[in-house]
Structures are given as C-alpha cells and as structure tokens.
Amino acid sequence: MNIADLPLPVSAAKADWIAASTWLGFTPTGGASDARAKCQSTIQRQMAGGYVLEYITETAEKPNPGFERDPRYLDEQAIHLENRGRFLAVHKLRHSSRPLPQIVGEEEFSRLQDMWAQGGKRWRWSVAFPVIESYEIIGKPKASDVLDTASYRRLFAHSSATLRPLTDAERSQISSLELRRVSAPNAWIAIEDEMAAALASEITRRSLALMDHDLGALEGESEEQKAKIKKRAAWLADRFVRHRISAKTLFCDICEFDPSAILNAEILTARTALDVHHKFPLAEGVRYTTLDDFSLLCPTCHRMEHQLLKSGGSFFDRQKAPNLFASAIP
Ligand SMILES: [Zn+2]
Ligand SMILES: [Zn+2]
C-alpha cells in the first residue's frame, strides 16, 4: 500500500534525531500543567486527526555529561547515522497525550531526563502521544529526494518543538511512498480507553449480538478480555451505524441494495434491512480498529461474506482467494 491508501491524510511531519518506537514526545515550554495543556492542544490541532510523518534530522544531539559512552546512547547514535535525512515511518497517535512516566514507567522516565533534560528542566518530551498504528516507509527514502527543495527547506531547515503541518502540495509529493504496517504495542492504550468508554455506554442488543457472532473465533485471550474486546467492537459498531445514518448512506456495501427504495422512510430504520458487520474480525484484539473496519450489509451479502470468511476469502479482499468468486464477478 501507499500513503495515498491510508484512510486519513498525513497531516503533519515530526522531525527528531531519535527514531520513535512506541510514542512521540513533545517538550512544553514549562513544567506546569498549563504549559503541558497548551502543548497538547497545539499538537492535537496540528495532527488534525490524521497521520504523522516521521523524519530523522541530519544532525544529532549530544546527551548530558556522563552519558557519552552509555550503550543506549551509542545504539541511538548508530541508528541515527543510518537514517539521518530520511523518512522512516507514518504513525497514528492517540488523540490525547499521556504523561510520559505512565507510558514508559518512572524508571525509564528518570533515565531519559538524566540523559536528555536541558538545563536541569526535567520535563523533556513530557507531553507524549502513544503510537497506536504504525507503518514503516519501505526503502526509507531521503526526504530531499522526495520533496522539492522549497518544501524540504520549509519543513526541515529549522528545528521545531512541535509538528510541521503539511500543505496539499507536500502531501501529494509523499503520496506514492510505499508502506508496510508494523506492530504498535501501545495500541492497547487506545483500545483500553475505549473499552472503558464502551463499558460505560448503552450499546444496542443488536450490535452486541452481531459482534458476538462476528468475533466468535477470537483466539488467545482470556474470557474476560474477549468479552471486553467484543463490547468495544459493539460500541464501535453502534457509532458506525450512527455515522451512516447521519451521512445518509444506508445501503449494502457489497450489492448497494438500498432499502429506502422499497420501504417508506417513515417505517424504515437503519436496522430494518441491514446488518452491521466487522470486515476484519481476526484483526480485533490484534490492532487498533476503527470505524473503517465495519460495513453495512444486507442479510444475503452478510451470509455470503461469512461463507467466504470461513473459506479463507472476503468480498473486501478479492485478491486473497479469487477462486472463491464466480468468474463473472469483477
Ligand atoms: Zn447486499
Ligand atoms: Zn458479520
């Protein structure tokens, strides 16, 4: 897949000399909570709900005195030398930050501050956004080979403590970069936040029953964890249906059957003739799933899709097992 295939735009770039692993951190202008809040809202505005492009700067920082020979610093320096000036990855971040000690633990937080705090101010990267979805950019291209000179200079010639929002022209220059999804261990932070929201909300019995059916084959989790995963999926499914109602797109995503062509809109509800279906049931509990993972199906297409899933195919991925389709179907 390419950047252009992502469900949301890449809204901004982040330049740092250390490669991100499971979180991206930003340093507020002070240690007080209002400085952290201001920093968080700036980053949220710049992300605009989209993805963040990770760029590794040409120059590297030096750690605080005493850490010049620290093995972890030397590792980070080696990674920097290999990747400097390159685009490494595209990340989706949790929309709100977490205090960094909560993500990495108190001990690691202290180590980071000992090593990198500037002028003894121990709040470096303290506004931290967990990475909940991650793609490496295949070939790690040089940013200067991908962007025109003006864009490259505008985005990366000066250092910045926040993100650098991309223009449409810059987005189109990166749109054909190839991606490979990689695991995002912090996806659980977002999933758990949403499980808490799901447990506290009213969920329709219909969505609960449909997700119970779709996610019947969940493996490798405790019964309690499975129940939470299903509940969150049902909560997402309800949100998905509400979204389709407000977008006025109540039709089957496979055959485009539109029940309002037959039934009077007054007696028709979203649930009358369509089911909400989880397109990638095996992804649930494995990665951070979103409304994009759901579809609305008429009962016949829904049954056929489940038959395909059992046989190793899917309407939503016809390349995977093309032999399962009648040859007349494109
Ligand atoms: Zn259908
Ligand atoms: Zn289903």
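**Strand β4**

I started with strand β4, residues 87–93, and found six of its seven residues buried. Buried here means 20 or more other C-beta atoms within 10 Å of the residue's own, exposed means 12 or fewer, and partly exposed is in between, with C-beta atoms placed from the backbone. I took strands (E, at least two residues) and helices (H or I, at least four) as DSSP runs, numbered from the N terminus.

The model is predicted: local features need pLDDT of at least 70, side-chain atom pairs count only at pLDDT 80 or more, and totals for chains, interfaces and linings use all residues. Residues are numbered from 1 along each chain as its sequence is written, while chains are lettered from A and ligands numbered from 1 in the order in which they are written.

**Pairing around β4**

I asked which strands pair with β4; pairing needs at least two bridges found by DSSP between two strands. β3 is joined to β4 by four bridges, and the two run antiparallel. Val52 stands opposite His91 there. β4 also pairs with β6, again in the antiparallel sense, over five bridges. In that pair I noted Ala89 opposite Glu136.

I then followed β3 (residues 51–56) to β1 (residues 10–16): these strands run parallel, joined by six bridges. Lys14 has Glu54 of β3 as its bridge partner. β1 has another pairing, with β7 (residues 164–165), antiparallel and over two bridges. Ala12 is opposite Pro165 in β7.

**Whole protein**

I counted 11 helices and 10 strands. The C-alpha atoms fill a box of roughly 70 × 45 × 40 Å along the principal axes. Of the 330 residues, 32% are buried. I checked contacts next, meaning two residues whose C-beta atoms, placed from the backbone, lie within 7 Å. Among contacts between residues at least 6 apart in sequence, 79% join residues at least 24 apart.

**Domains**

I looked up the division: domain 1 is 3–182 and domain 2 is 187–324. These bounds come from an automatic or database domain assignment. The domain centres, taken over C-alpha atoms, are 34 Å apart. Six residues of domain 1 are in contact with six residues of domain 2. On the domain 1 side, strand β6 (residues 127–137) gives the largest share, three residues. By class, that side has three nonpolar, no polar and three charged residues. The classes: Ala, Val, Leu, Ile, Met, Phe, Trp, Tyr, Cys and Pro are nonpolar, Asp, Glu, Lys and Arg are charged, and the others, Gly among them, are polar.

**Cores**

I searched for nonpolar cores, each a set of buried Ala, Val, Leu, Ile, Met, Phe, Trp, Tyr and Cys residues joined through C-beta atoms within 7 Å. The largest has 44 residues, and Val52, Leu53, Val90 and Ile132 have the most contacts inside it. β6 supplies the largest share of this core, seven residues. Why does this core lie between domain 1 and domain 2? Both domains give residues to it, so it lies between them.

I listed the contacts of Ile132, leaving aside neighbours within four places in sequence; among them are Lys92, Leu93, Ala187, Ile189 and Tyr288. A second, separate core has 20 residues, including Ile229, Ala234, Leu250 and Leu297.

**Helix α10 and what follows**

I checked the span of helix α10 (residues 223–246). Lys248 follows α10 with a positive phi, near 55 degrees.

Glu256 is in the loop between α10 and β9 (275–278). Its phi is positive too, about 65 degrees, although Glu256 is not a glycine. Glu256 counts as exposed because it has 9 C-beta neighbours inside 10 Å.

Ala48 sits in the loop between α1 (33–47) and β3. Its phi is near 50 degrees, positive in a residue other than glycine. Is Ala48 buried or exposed? Ala48 is exposed, since 12 other C-beta atoms lie within 10 Å.

Ser311 lies in the segment after α11 (299–310). I found 11 other C-beta atoms within 10 Å, so Ser311 is exposed. Beyond neighbours within four places in sequence, Ser311 is in contact with Ala321 and Leu324.
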